[in-house]
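User: I am new to reading protein models. Please take me through this one in short steps.

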Amino acid sequence: MSALRLSPHVATLLCRFVEEHTGIHYGEEILDLFVEKLSRRLALSGHESALDYYYFLRYDPGGRVELDALIDTLVVGETYLFREVDQLEVLCDQILAPAVARGERPRVWSAACATGEEPLTLAMLLDRRGLTGRVDLVASDISNAALDRARRGDLSRRAVRSTFPETYRHWLRTDTSGATHARPELVDTITFRRVNLAEPAEVKALGAFDAVICRNVLIYFSDATTRSVVTSLHDALVPGGFLLVGASESLLRLGTMLTCEERGGVFFYRKEVGS
Ligand SMILES: C[S@@+](CC[C@H](N)C(=O)[O-])C[C@H]1O[C@@H](n2cnc3c(N)ncnc32)[C@H](O)[C@@H]1O
């Protein structure tokens, strides 16, 4: 099926349905992108029309599985090793290492980890500081396809960039096809789970964290969804816990119960100790 057979009305219905289930918001300016990606999935699904497809998603018992496949097609899994690493280094040095020194076992959650490069970076930084096995690392995403790759240690095509510090190269292996993989010993330090951030119950089921890393995903949500996701993340933090968002994702404009704090030149959002 080509994009031309998807009427604006049905495209809007599908777009709203996706937002209802994932929080991902397609504004007018990127609706074409949504239609292009959706058309790819429609062509594979075998439905006669986009409206049939919509009814299937909404009402058929098989709709849930198809929605997951559609989500895999729609999400932007752009990520790479050592992305915005300053924040992760400060997290290790000023928050996690002191907690371990106090005899604690901090829990950290990478909340939209795509193919795993973010938690893998943290795992490398923890290893360098002798903290492997002393910090619990949980990583999640909404995309099953991304998580399958993460669990296998299959890195995304552009995961290793010129900013990758060569001193960590021993954690990577390049196969005969040129694809890069993370060593299983590193991957095994991370527990991967499927979590939809727009579902508060799924967030709650993970338990409490000393730090939540939720970077470069809030930009895909509407303000209302971002507020609701940040409330779930706030609730998932222990009192005094930290939320890390992407450099372009300030929460101040939206109002939040978290306090913005600067540490080592980077910004964190902190849950009040008494809350
Ligand atoms: C651009 S990647 C960010 C990866 C990583 N955090 C980073 O900064 O490099 C965005 C990820 O958010 C995930 N995502 C989108 N909506 C989500 C939702 N409702 N719940 C959980 N993950 C979601 C996508 O599947 C994608 O893997």
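Analyst: A salt bridge is a side-chain nitrogen of Lys or Arg within 4 Å of a carboxyl oxygen of Asp or Glu. This is a predicted model: local features need pLDDT of at least 70, side-chain atom pairs count only at pLDDT 80 or more, and totals for chains, interfaces and linings use all residues. Residues are numbered from 1 along each chain as its sequence is written, and side-chain values use heavy atoms, with hydrogens and water left out.

User: What is the N to O distance in the salt bridge of R102 and E104?
Analyst: The side chains of R102 and E104 meet in this salt bridge. The N to O distance is 3.0 Å.

User: Is R102 buried or exposed?
Analyst: Buried means under 20% relative accessible area, exposed over 50%, and partly exposed in between (1.4 Å probe, protein chains only). R102 has 56% relative accessibility, so R102 counts as exposed.

User: Which residue forms a salt bridge with R194?
Analyst: The closest N and O atoms of the pair are 3.0 Å apart. The pair links distant parts of the chain, 126 residues apart: R194 lies in strand β5 (residues 190-194), its partner in helix α4. Helices (H or I, at least four residues) and strands (E, at least two) are DSSP runs, numbered from the N terminus. The partner is D68.

User: Is D68 buried or exposed?
Analyst: D68 has a relative accessible area of 17%. Therefore D68 is buried.

User: At what angle do the axes of α1 and α4 cross?
Analyst: Axes are lines fitted to C-alpha atoms, for helices over the stretch in contact, and angles run from 0 to 180 degrees between N-to-C directions. The axes of α1 (residues 8-22) and α4 (residues 63-74) come within 12 Å. They cross at roughly 95 degrees.

User: Which residues of α4 make the contact with α1?
Analyst: Contact means heavy atoms within 4.5 Å. From α1 come F17, V18, H21 and T22. From α4 come R64, L67, L70, I71 and L74.

User: Where is Y53 found?
Analyst: Y53 is buried, because its relative accessible area is 0%. Not counting residues up to four places away in sequence, Y53 touches L14, L38, R41, L42, S45, H47, E66 and L70. Y53 is found in helix α3 (residues 50-59).

User: How many Å apart in space are Y53 and D210?
Analyst: Y53 and D210 are 157 residues apart in sequence. C-alpha to C-alpha, Y53 and D210 are apart in space by 42 Å.
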